[in-house]
Amino acid sequence: NEFAVKWGFNFSQKKSKVLVIGKKTDKTKEWSFGDLKLSEVHSYKYLGYIFHKNLRDNDHMNETALKAKKLNGYIKYTLNRHMNVKRIDFGNQLYKSKLLSSVLHSCAIWASDNKSYETRLKSMQYNAGRAIFDIKGTPAYEAIVSDLGWTPMKYTVLKRQVEYYIYIKSKKPTSLNARLLASMEKRFEMGKGNHWNYVKHIDATLKLMQLSGISETAENISYSYHKQILDLSKKYINDGILEKSSLDKYHQLNLIPKKGRATYLYNDYDFQSSRIKFLARAGKFNLNSEKSKWKNLNPPISPYCEECPDKIETLEHRLFECPSYETARNKFYLEMKNQVPSPVLEVYLESETSDKLKWIIGDEARILGGHDISVTVDRLNKILLKNIF
């Protein structure tokens, strides 16, 4: 206060608050700063992070969720005004620059790993993906994240947290941050609790990555954490795919992109066709076999084809068998004959139905014919899917 008076500083009563960490021992205590009366608060926002008196992240996560909802609305609105031109590329840029950067702000010091946090992060990312694909329905989260080449947000957060922990652990032992961390680690190793669960959370995270927890050296953590998080992320996606009946074809045909975004999304000259191809891959192609699984329908929808009463309407049936789409199929075969080299076309024509399906919704043409042929086949596949959707 004396320094402020000497140099003519004025402090805002609106911005100046007192936050007592833990239990307040003197409930009658009043706070002041010189002549300025200060009010006591349960939480306070500082540098974009909301600190609560119990040092938990609930208030900050609540605000993050509200902000993410607004940003996802902004992403969808902006993409719709953009007339779908390069929508996947533009949407991916908006996701990274707007939503992801906002959610990840200050995530390095989050100290919670309960199920509700994971669910919220998943929901934020899921709704961003639905906005990019312009989908009102509910395709599986794993299909959206996998095809867009995104890391599940849960593991992006864990990566940031580990990197920050390495940064603090590598600082000079005499620095304030390093001394505070060492003190909390010592208490944790002695079985004494810390009011802030940061060390407990980091210890569990490192053990999740097959490391020894906080006893591991910063050098060893730096050497292995990136690969471990990548492996955990892949397992998380694969396990989710196996749990979803709508992704049976996605699993059976091994449609998970080898690296990054799915190839068909790079050929983004016709967004609506790319969107329809995604729906086919994700098991949301408006087939009777899909709609028959919907609950609370009265009367329930039959899984059988309306044109072929003895056939269940699967993707294979609509693509290769149903007479209702014979014209679209013949046009597709004619265009393939005119635009695809004979040796490659013969491989397709001689393939089993399941292998043909890989050509239509997978990446088989790229494997067999290379980039240029795969671009042509992908364009023709999208036209076929659009015509029979």
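The names themselves come from DSSP runs numbered from the N terminus, where a helix is a run of H or I with at least four residues and a strand is a run of E with at least two. Together β4 and β5 form a hairpin with two residues between them, and in that turn Leu 47 has a positive phi of about 55 degrees.

Before I go on, please keep in mind that this is a predicted model, in which local features need pLDDT of at least 70 and side-chain atom pairs count only at pLDDT 80 or more, while totals for chains, interfaces and linings use all residues. Residues are numbered from 1 along each chain as its sequence is written, and side-chain values use heavy atoms, with hydrogens and water left out.

Grid points are joined across faces, edges and corners, and a volume is the space filled by probe spheres set on the points.

The search of the whole structure finds one cavity of 30 Å³ or more, and about 60 Å³ of space lies in the largest cavity. Its lining is made by Gly 48, His 60, Glu 63, Thr 64, Lys 67, Ser 102 and His 105, and helix α2 (residues 58-81) gives the most to that lining, with four residues. By class, the lining of this cavity has no nonpolar, five polar and two charged residues, where Ala, Val, Leu, Ile, Met, Phe, Trp, Tyr, Cys and Pro count as nonpolar, Asp, Glu, Lys and Arg as charged, and the others, Gly among them, as polar.

The largest pocket has a volume of about 810 Å³ and is lined by 31 residues, of which Gly 149, Trp 150, Thr 151, Leu 230 and Ser 233 lie nearest its centre. Two or more residues of this lining come from each of α3 (87-104), α5 (141-148), α6 (153-169) and α9 (218-243), and α9 gives the most, with seven residues. The lining of the largest pocket divides into 13 nonpolar, ten polar and eight charged residues.

For the second largest pocket, the volume is about 630 Å³, and among its 27 lining residues Ser 246, Gly 283, Lys 284, Phe 285 and Glu 290 lie nearest the centre. Here α11 gives the most to the lining, with four residues, and the classes are nine nonpolar, eight polar and ten charged.

Now to the cysteines. How many disulfides does a search of the whole structure find? It finds zero, a disulfide being a pair of cysteine sulfur atoms within 2.5 Å. For Cys 308, the nearest cysteine sulfur is that of Cys 305, 4.0 Å away, and for Cys 322 the nearest is again that of Cys 305, at 3.8 Å. Cys 322 is buried, with a relative accessible area of 2%; buried means under 20% relative accessible area, exposed over 50%, and partly exposed in between, with a 1.4 Å probe and protein chains only. Cys 308 is buried too, at 11%.

Finally, the structure holds 13 aromatic pairs. Rings of Phe, Tyr and Trp (its six-membered ring) pair if their centres lie within 6.5 Å, and planes under 30 degrees apart count as stacked, over 60 as edge-to-face and the rest as tilted. One of the pairs is Phe 11 with Phe 33, which is edge-to-face at 4.9 Å centre to centre, with 80 degrees between the planes. This pair links distant parts of the chain, with Phe 11 in the loop between α1 (2-7) and β1 (17-19) and Phe 33 in strand β2 (residues 31-33). Phe 11 counts as partly exposed at 42% relative accessibility, as does Phe 33 at 31%.

Note on methods: Two strands pair if DSSP finds at least two bridges between them. On a 1 Å grid over the protein atoms alone, a cavity is a set of points where a 1.4 Å probe fits but cannot get out, and a pocket is an open set with protein on both sides within 12 Å along at least five of seven lines; lining residues have an atom within 4 Å of a point.
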